[in-house]
Amino acid sequence: MAFLAGMIVCILSAYIAGFFEVMSGFNSEDTSIFLSPIIEECMKLLLLLFCIYVFELSDEEIQLFAVGVGAGFATFENCCIMLSSGAQHLTYALIRGSAVGVMHIVTLVALAKGLQLLKSYKAFSLAGTAGVLSLSVTVHGLYNLLVSKPGISSYIGYVLPMICAILLCRINCVPMGKEEK
């Protein structure tokens, strides 16, 4: 269900981004860099908050839900991009698909982890939620900016999600208040 929800959020985000693209007069590249990260991360946050409050998910269920939504979102986005514009090479499709998949999962897991921390410290507020959202939007926007032009910046952009995933795994694998010996 989380995977399907991610796909639905992806298509809704695309429609909203398309609407704002027309209203703002941005071209598709500017929309991808400036508007899409904000719209996509806000939509994923709304879905996450809905499920946290309606279904009262445990911390582990929140993380699993976040991974499912991120994977569904990335899969649908990759399918749409590959079908609409095609891929020059198979290696490009594999690298881009993997990087986007990891990026969407990482941003959503980080968002979920941030909300869990706010909840556990009894600091769940609009300011805290906006702070967690801004981190997610920044990583997503930075990725989109780096991969927008070919060259060394795109290589850095394709590696960025993996670095973030390693950091998130490191944070999630060490329990709070306990350090490795």
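By class, the residues that line the largest pocket comprise 17 nonpolar, 15 polar and five charged, where Ala, Val, Leu, Ile, Met, Phe, Trp, Tyr, Cys and Pro count as nonpolar, Asp, Glu, Lys and Arg as charged, and the others, Gly among them, as polar. The model is a predicted one, in which local features need pLDDT of at least 70 and side-chain atom pairs count only at pLDDT 80 or more, whereas totals for chains, interfaces and linings use all residues. Residues are numbered from 1 along each chain as its sequence is written, and side-chain values use heavy atoms, with hydrogens and water left out.

The largest pocket has a volume of about 1,000 Å³, a volume being the space filled by probe spheres set on grid points that are joined across faces, edges and corners. A pocket is here an open set of points, on a 1 Å grid over the protein atoms alone, where a 1.4 Å probe fits, with protein on both sides within 12 Å along at least five of seven lines, and its lining residues have an atom within 4 Å of a point. The lining of the largest pocket is made up of 37 residues, with Ser28, Ser32, Glu77, Ile81 and Arg96 lying nearest the centre. At least two lining residues come from each of H1, H2, helix H3 (59–85), H4, H5 and H6, helices being DSSP runs of H or I with at least four residues, numbered from the N terminus.

The second largest pocket holds about 240 Å³ of space. Among the 14 residues of its lining, Val106, Ala110, Leu135, Leu168 and Ile171 are the closest to the centre. H4, H5 and H6 are the elements that supply two or more residues to this lining, and H4 gives the most, with six residues. The lining of the second largest pocket divides into 10 nonpolar, three polar and one charged.

Helix H5 (residues 126–146) has 21 residues and should span 30 Å at 1.5 Å a residue, which agrees with its end C-alpha atoms being 30 Å apart; the expected span is 1.5 Å times one less than the number of residues. Buried residues of H5 (under 20% relative accessible area, with a 1.4 Å probe and protein chains only) include Gly128, Val132, Ser136, His140 and Tyr143. Helix H2 (28–55), helix H4 (90–120) and helix H6 (152–173) are among the elements that cover the buried residues of H5.

Glu21 is placed in helix H1 (residues 2–24). Leaving aside residues up to four places away in sequence, Glu21 touches Phe26, Asn27, Ser28, Thr31 and Leu35, contact meaning heavy atoms within 4.5 Å.

How values were computed
Buried < 20%, exposed > 50% of the residue type's maximum accessible area, 1.4 Å probe, protein only.
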